[in-house]
Amino acid sequence: MGLSALGIEYGSYLLVGAIFLLLLTGQPLAWVTGLVALIFTFGWFGGNALPLVTSRMFGFITEYSLVAIPMFILMAALLDRSGIAKDLFNGMRVLAGRLPGGVAVQTLVVAILLAAMSGVIGGEIVLLGILALPQMLRLGYDRNLSIGVVCAGGSLGTMMPPSIVLIIYGLVASVSIADLFVAAITPALILLAFYVGYVLFICIRNPQLGPPMSDAEMEKESISGALKSVAAPLFIVLVVLGSIYGGIASITEAAAMGVSAVLIVSLARRELTIKMLQDSLVHTLETCGMIIWIGIAAAVLVGVYNLMGGNRFVADAILSLNAPPVVIIMVMMLILLVLGMFLDWIGIALLTLPIFVPIVIQLGYDPIWFGILFAVNMQVSYLTPPFGPAAFYLKSVAPKEITLKHIYTALLPFIALQMVVLAIILFYPPIAIWAIK
C-alpha cells in the first residue's frame, strides 16, 4: 500500500513533519528537501514517476531569469574583495559630522548603497561588521545600537534592487522582475527612514548612545576626499539601476553591466588581481551551487505535492477560514515569519510561493504587492532567532566579547521597526505599487 492511501490531509502533515525532522539532523536543506521529494514521488505515484522528477528539474534549471543571479553574486564578491566599499565608508564620515548618532546613520546610508550595488546580503553584513562596528565601538557608541545598525542595515539587500530575493520571487511567481524592482524602492527607503529616525531619536535624547565625532576626527577628512570616495560606488549604482530603469538593459544584461563596472573601477584603482578574481569566481560558484540545488529539490517537491492535490488542499484550508482577505494575507505572513525562524529564505520562497501566490491572486491582490511583503518578511527572518543568519554573519567578524545573546538582544528594536513597516505595507498597499501604476 502506497503513501497515497493516507489521503492528502495526512500526507501533508507527514511531508512537513519529515522535512522538519530531517532538518534536526543538521543536513543541508537541499538534501533534506530532495530526499523527501523522492520519497513522496515514488511512495505516492509508484516506480514509474521518474519522468516527473526529471521534468521538474529541467523546468527549473532552464529558467532564463536564473542567469542574472550568478552575475549579481559575482558583483558582490568583487565588491567585498576590493577597497571600493571601504573607501565609501571612510568617505562618508565627513558627511556624518558632529551629529549625534551620525556614524550610525552613515553606516545605514552606506548599507543601502552597497545593497543597490550588489543585492546580496551576507557579504554586506560581514563587510559592515569589519568596517563600521569597530569604529562605532571605538567612538563610544552603545554596543547594542552598533550591532543593530550593522545587522539591520546589512539586511536591506532583501529589499533594495537588485535584490536576489526579488529575482527569485519574480521567477517563482511569474511576475515582472523589473516591476518588482521599481515597486521595492519606496518601501526600502521607508525602512531606511525608520532605521535612521530611530537612531536619531534615541541619540538626540541621549547623546551618550552615539557621541558626535570630535574635532580631531573631523579634521582628518575633507569634502573633496569624501566626494572622490563616493564617486565610484555611485557610478556602479548608476550603471546597474540606471540601465534597468532607463530601459537600456534587461535585468540579466544589467547584472553583466554591473560586473563590468566593478571590474573597470577595480582596474582603475589598481586593485584587480588574479587572486581577487579567482576567489570571487569560486565564491560565486559555491553560492550559485547552493541556490541551484535548493531550487531543484524544492521544484521537485512542490511539483509532486501539487500533483498529490496539495495546492488545492492548502488553498481550500486557507480560504475556508471565512475571514476577510486581509486576515488571510496576515495568516500567510505569520506562516512565513515562523518558517523564517528555522529555514533559509531561498527554501521558504521555493516551497511556499507556488502555493501562496495563486491564492493571493484569487483573493484579488496584486502579486507585485505580495512580493514586496514577502521581501520585508524575509528581512525580518534575517534577524530573528534561532536561525537569524545576520547574527551568525556578524558573529564571525565581531570582537570575541560580543556573544550571540548580545547580538539577538540588540536586534529586537530593529525587528520591531521591520514589523511596523510590514504592517504599513500590508494595510496600505499603494505604498508598494504606486510606482508601477
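**View 1. Helices α9 and α18 cross with their axes within 10 Å of each other.** In this predicted model, α9 spans residues 164–173 and α18 spans residues 367–383, and their axes cross at roughly 140°. Axes here are lines fitted to C-alpha atoms, for helices over the stretch in contact, and angles run from 0 to 180 degrees between N-to-C directions. The helices themselves are DSSP runs (H or I, at least four residues; strands are E, at least two), numbered from the N terminus. The angle makes α9 oblique to α18; under 35 degrees counts as roughly parallel, over 145 as roughly antiparallel, 65 to 115 as roughly perpendicular, and the rest as oblique. The crossing is right-handed, that is, the near helix is turned clockwise from the far one by less than a right angle, anticlockwise being left-handed. On the α9 side, look for V165, L166 and Y169, which meet P367, F370, G371, I372, F374 and A375 of α18; contact means heavy atoms within 4.5 Å. By class, this contact of α9 with α18 has 8 nonpolar residues, 1 polar and no charged (nonpolar: Ala, Val, Leu, Ile, Met, Phe, Trp, Tyr, Cys and Pro; charged: Asp, Glu, Lys and Arg; polar: the others, Gly among them).

View 2. S174 is exposed, at 65% relative accessibility; exposed means over 50% relative accessible area, buried under 20%, and partly exposed in between (1.4 Å probe, protein chains only).

**View 3. R270 also has a positive phi without being glycine.** Its phi is near 60°. R270 belongs to the loop between α13 (251–268) and α14, and its relative accessible area of 80% makes R270 exposed.

**View 4. Helices α14 and α17 run roughly parallel.** The axes of α14 (residues 274–308) and α17 (residues 345–362) come within 9 Å and cross at roughly 25°. This crossing is right-handed. From α14, the contact draws on M290, I291, I294, G295, A298, L301, V302, Y305 and N306, while α17 supplies I346, G347, L350, L351, P354 and I355. Sorted by class, the contact of α14 with α17 has 12 nonpolar, 3 polar and no charged residues.

**View 5. I236 and F370 stand out in the largest nonpolar core.** Of its 158 residues, these two touch the most other members; such a core is a set of buried Ala, Val, Leu, Ile, Met, Phe, Trp, Tyr and Cys residues joined through side-chain atoms within 4.5 Å. Leaving aside residues up to four places away in sequence, I236 touches M75, L79, I84, M117, A261, V262 and V265.

**View 6. E124 is a buried residue of helix α7.** Helix α7 covers residues 122–138, and E124 has 3% relative accessibility. Beyond residues up to four places away in sequence, E124 touches A111, I112, L114, A115, G153, G154 and G157.

**Notes for all views.** Residues are numbered from 1 along each chain as its sequence is written, and side-chain values use heavy atoms, with hydrogens and water left out. Local features need pLDDT of at least 70 and side-chain atom pairs count only at pLDDT 80 or more, whereas totals for chains, interfaces and linings use all residues.
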